Amino acid sequence: MAMKNRIYFRFVGAVVLLLLLSSCKKGKEGNAASKVYPTEVLAPVSRTGQVQYPAVLKGRQSVEIRPQCSGLITRICIEEGACVKKGQILFVIDQAPYLAALKTASANLSQAEARLETARLTLDSKETLFNENVISDYELQTARNDLKAAEAALEQMKAQCDNARTELSYTEVKSPVDGVAGMIPYRVGALVDRNITEPLVCVSDTEEMFAYFSVSESDELARSTRFGTQEISFRSVNKAIPIISGIIDALSGTVDARTGTISVRARIPNKDKILYDGSTGTVLVSSKKTNCIVIPQTATYEIQSRMFVYKVMDGRAVSTSVEVEDIGNGKEYIVLSGLKAGDKIVTEGAGLLREGTEISESITAKNASL
């Protein structure tokens with residue numbers, strides 16, 4: 001019985017040994033097939049990239065046209081979307097009551113002029129009689145006062161006449177600027193006045209456009225002193241519109257407390273009228289940097305909005321937090337902090353690595369075993 005037990009245990013031990021040897025062999029084969037992770041030694045370089053900012057376009061002027069008098073629209077003189085000139089008549093409001101008011105004011109003016117002439121004649125007569133001691137000083141002074149009252153009445157009638165003429169002119173609604181007319185929400189016969197909530201039409205001067213966008217307070221663009229000469233490119237969301245060049249010409253003097261950003265304005269020519277007020281796009285700003293550390297985007301991975309890379313130290317991968325800036329070429333980042341010249345990093349497959357993974361120091365084949 002003891003002999004049988006010894007044979008059994010020897011058999012089991014042999015089987016276990018064979019399994020262990022087989023496992024070790026597979027492990028070695030697995031290590032031999034480990035994926036290669038390329039590395040790079042960082043050195044200062046120069047790069048010219050493009051930083052992108054979402055932007056909204058506004059015309060050089062966008063004017064809401066509202067009536068300055070009340071009445072029915074009797075004529076619409078433009079088509080929606082038409083180009084209009086400064087001073088061009090856009091709408092005509094019923095003129096009949098304003099013409100009547102002007103006629104009344106003109107008649108009152110004529111009466112006032114006649115009363116003034118009568119007052120002058122009366123004063124001349126009174127002065128003659130006073131010099132002949134026919135009338136008293138009281139009557140002479142009364143005649144002088146009547147003349148002053150007639151002169152004041154004439155000025156009042158002139159003002160009323162001018163006001164009636166101005167009110168009549170308001171019945172012809174004219175464009176205050178050159179531009180393009182928007183949509184017209186009113187039709188002939190609509191009753192309008194000074195208090196309408198929706199304008200008769202909007203006229204936008206789109207000969208030149210302004211692209212408005214925001215940058216962070218720490219952005220290099222916010223620290224630039226080249227406004228007026230800093231060139232930009234504007235790319236519309238409409239891919240059929242070519243990229244257009246412009247210049248940055250204004251920078252807000254304050255920081256928005258809610259967003260921590262600064263507003264920037266770029267001036268863009270629009271002689272061909274291919275850009276529209278209110279449309280959106282992207283402002284592209286070229287940025288040239290020298291003696292900077294650049295890493296490929298494939299070398300980074302992100303955890304909770306923080307960027308990391310694996311630095312090779314003593315042959316092992318060490319996770320390192322970095323602060324980067326997007327160059328805009330879709331391939332690289334400029335390192336702002338966390339890395340320096342001479343550091344070696346894993347350039348691809350960072351998301352598959354683990355802290356402390358051995359990294360081969362071979363230049364031609366940089367192996368990493370998990």
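# Exercises on cavities, strands and salt bridges

Strand 2 (45-65), strand 13 (280-296) and strand 16 (316-326) each contribute two or more residues to the lining of the largest cavity. The model examined here is a predicted one.

## Exercise 1. The largest cavity

Determine how many cavities of 30 Å³ or more there are, and describe the lining of the largest cavity.

*Solution.*

Step 1. The count comes to one cavity of 30 Å³ or more. The volume of the largest cavity is about 40 Å³.

Step 2. The residues that line the largest cavity are Arg47, Gly49, Val51, Ser287, Lys289, Glu325, Asp326, Ile327 and Ile334.

Step 3. Of the elements involved, strand 2 gives the largest share of this lining, with three residues.

Step 4. Sorted by class, the lining of the largest cavity comprises three nonpolar, two polar and four charged residues.

## Exercise 2. The second largest pocket

State the volume of the second largest pocket, and identify the element that supplies the largest share of its lining.

*Solution.*

Step 1. The second largest pocket holds about 200 Å³ of space.

Step 2. Strand 2 and strand 6 are the elements that give two or more residues to the lining of the second largest pocket.

Step 3. The largest share, three residues, is supplied by strand 6.

Step 4. The lining of the second largest pocket consists of Glu64, Ile65, Arg66, Pro67, Gln68, Ser169, Tyr170, Glu172, Val173 and Lys174. By class, four of these residues are nonpolar, two are polar and four are charged.

## Exercise 3. An open sheet

Give the strand order of the open sheet of four strands, and find the bridge partner of Phe91 in strand 6.

*Solution.*

Step 1. In general, the strands of a sheet pair through backbone hydrogen bonds, and the pairing may be parallel or antiparallel.

Step 2. In this open sheet of four strands the order is 6-5-3-8, and the pairing is antiparallel. Strand 6 (172-174) and strand 8 (191-192) are the edge strands, each of them pairing on one side only.

Step 3. Strand 5 (residues 89-93) and strand 6 run antiparallel and are joined by three bridges.

Step 4. The bridge partner of Phe91 in strand 6 is Val173. Val173 also belongs to the lining of the second largest pocket.

## Exercise 4. Salt bridges within helices

Which residues form salt bridges with Glu117, Glu155 and Arg165, and how are the partners placed along their helices?

*Solution.*

Step 1. Side chains of opposite charge can pair when their charged atoms come close. The structure holds 18 salt bridges.

Step 2. Glu117 pairs with Arg120, with an N to O distance of 3.1 Å. Both residues belong to helix 2 (residues 96-131), where they lie three residues apart, about one turn of the helix. Glu117 is partly exposed, at a relative accessible area of 43%, and Arg120 is partly exposed at 36%.

Step 3. Glu155 pairs with Lys158, and their closest N and O atoms are 3.9 Å apart. The two lie in helix 3 (residues 137-169), so their separation of three residues amounts to about one helical turn. Glu155 has a relative accessible area of 48% and is partly exposed; Lys158, at 33%, is partly exposed.

Step 4. Arg165 pairs with Asp162, and here the closest N and O atoms lie 3.2 Å apart. These residues, three apart in helix 3, are separated by about one helical turn. Arg165 is partly exposed with a relative accessible area of 43%, and Asp162 is partly exposed with 44%.

## Exercise 5. A network of salt bridges

Which residues are linked in a network of salt bridges?

*Solution.*

The members of the network are Arg60, Asp205, Glu208, Asp249, Arg265 and Arg267.

## Exercise 6. Cysteines and a helix residue

State the number of disulfides, classify Cys77 and Cys83 by accessibility, and locate Glu139.

*Solution.*

Step 1. The count of disulfides comes to zero.

Step 2. Cys77 has a relative accessibility of 29% and counts as partly exposed. Cys83 reaches 58%, and because exposed means over 50%, Cys83 counts as exposed.

Step 3. Glu139 is located in helix 3 and is partly exposed, its relative accessible area being 32%.

Step 4. Between Glu139 and Leu129 the separation is 10 residues in sequence and 9.8 Å in space, taken from C-alpha to C-alpha.

Methods:
Residues are numbered from 1 along each chain as its sequence is written. This is a predicted model: local features need pLDDT of at least 70, side-chain atom pairs count only at pLDDT 80 or more; totals for chains, interfaces and linings use all residues. Side-chain values use heavy atoms; hydrogens and water are left out. On a 1 Å grid over the protein atoms alone, a cavity is a set of points where a 1.4 Å probe fits but cannot get out, and a pocket is an open set with protein on both sides within 12 Å along at least five of seven lines; lining residues have an atom within 4 Å of a point. Grid points are joined across faces, edges and corners, and a volume is the space filled by probe spheres set on the points. Ala, Val, Leu, Ile, Met, Phe, Trp, Tyr, Cys and Pro count as nonpolar, Asp, Glu, Lys and Arg as charged, and the others, Gly among them, as polar. Two strands pair if DSSP finds at least two bridges between them. A salt bridge is a side-chain nitrogen of Lys or Arg within 4 Å of a carboxyl oxygen of Asp or Glu. Buried means under 20% relative accessible area, exposed over 50%, partly exposed in between (1.4 Å probe, protein chains only). A disulfide is a pair of cysteine sulfur atoms within 2.5 Å.
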